[in-house]
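I wanted to look up charged contacts first, then rings, then the overall build.

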Amino acid sequence: MKPQLILLGAPGSGKGTQASRLVSELGYNHISTGELLRKEIKSGSELGQRVQGIMDAGKLVDDNTVLELLNANCDLSSNAYIFDGFPRNGEQSKLLDEVVIKEASSKAVYFEIDLDMLAARLTNRRTCSGCGEIYNLLSKAPKTEGVCDLCGSSLTQRKDDNEETVKTRLQVFKETIEPVLAHYESTGRLARVDASQAPDEVFKALRAITE
Ligand code: AP5
């Protein structure tokens, strides 16, 4: 089996965009803790109600809540996964190894990019409410405004993609990423890609890392 693949990077660095291509072209399963949490909010569950304010403010949900949700939604015996959005701090890096990945082999890839490029990417992101395709009003606009090119469903904007919340999310990232990188560097599992390149170039680099 391929190694489990852990995508690390700031909000808007392109993790979700590349994950969807890695799934369709290289056959990974994709698990995004942000998506799992948003589903909980949409369903109105107790967990969703508890985390909504935290996510709307751009802060991190507590480690154990996210770990439990992650663990309940992946089965590593079936296939290699892409972990997107977890880990986000040093403690989560250890938990991912000890509780989820265990003896399976894994690689982490850091999407390196100047954080100043990301606010524009995030505030212009739109996502298909049907198939989840990710658009950008500046760099990948849909052919018809507000409508998904692939499935015709309406496009939505994430609640945390407003200027104020984006600032907080980028600040939280700056404060928490270093121990995560150190964890994977010290165990010889860290690769880096230049995430400021066009999506096709980023994908080529990822492909080379996963082969
Ligand atoms: P989450 O859903 O994980 O969001 P995030 O980390 O902020 O990352 P994004 O999804 O915003 O960015 P992305 O890198 O996937 O970018 P994308 O490919 O869409 O987390 C949301 C919240 O959930 C957190 O704030 C927290 O509250 C909570 N949470 C989640 N996990 C947690 C955890 N482990 N612990 C605690 N709390 C947790 O691209 C962005 C835009 O850029 C798109 O419009 C796209 O078209 C465009 N784009 C992509 N690539 C390129 C490119 N190469 N060139 C130009 N434009 C590009």
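I started with Glu25, which forms a salt bridge with Arg21, the closest N and O atoms being 2.9 Å apart. My cut-off for a salt bridge is a side-chain nitrogen of Lys or Arg within 4 Å of a carboxyl oxygen of Asp or Glu. Both residues lie in helix α1 (residues 15-26), 4 residues apart, about one turn of the helix. Helices here are DSSP runs of H or I with at least four residues, strands are runs of E with at least two, and both are numbered from the N terminus.

A note on the source: this is a predicted model, where local features need pLDDT of at least 70 and side-chain atom pairs count only at pLDDT 80 or more, while totals for chains, interfaces and linings use all residues. Residues are numbered from 1 along each chain as its sequence is written, and side-chain values use heavy atoms, with hydrogens and water left out.

Next I checked burial (buried is under 20% relative accessible area, exposed over 50%, partly exposed in between, with a 1.4 Å probe and protein chains only). Glu25 is partly exposed at 40%, and Arg21 is partly exposed at 27%.

I then looked at Asp160 and Arg169, whose side chains meet in a salt bridge at 3.7 Å, N to O. Asp160 counts as buried at 11% relative accessibility, and Arg169 is buried too, at 9%.

Lys140 lies over the face of Tyr135, at 5.1 Å from the ring centre. Lys140 also has a salt bridge with Glu133 (2.6 Å, N to O), and is partly exposed at 36%.

How many aromatic pairs does the whole structure hold? I found 1. The ring centres of Tyr81 and Phe83 are 6.1 Å apart and the planes are at 35°, so I logged the pair as tilted. The rule takes rings of Phe, Tyr and Trp (its six-membered ring) with centres within 6.5 Å; planes under 30 degrees apart are stacked, over 60 edge-to-face, the rest tilted. Both Tyr81 and Phe83 are buried.

Last, the overall build: I count 8 helices and 8 strands. Of the 211 residues, 46% are buried.

Note on methods:
A charge sits over a ring if NZ of Lys or CZ of Arg is within 6 Å of the ring centre and within 35 degrees of the ring normal.
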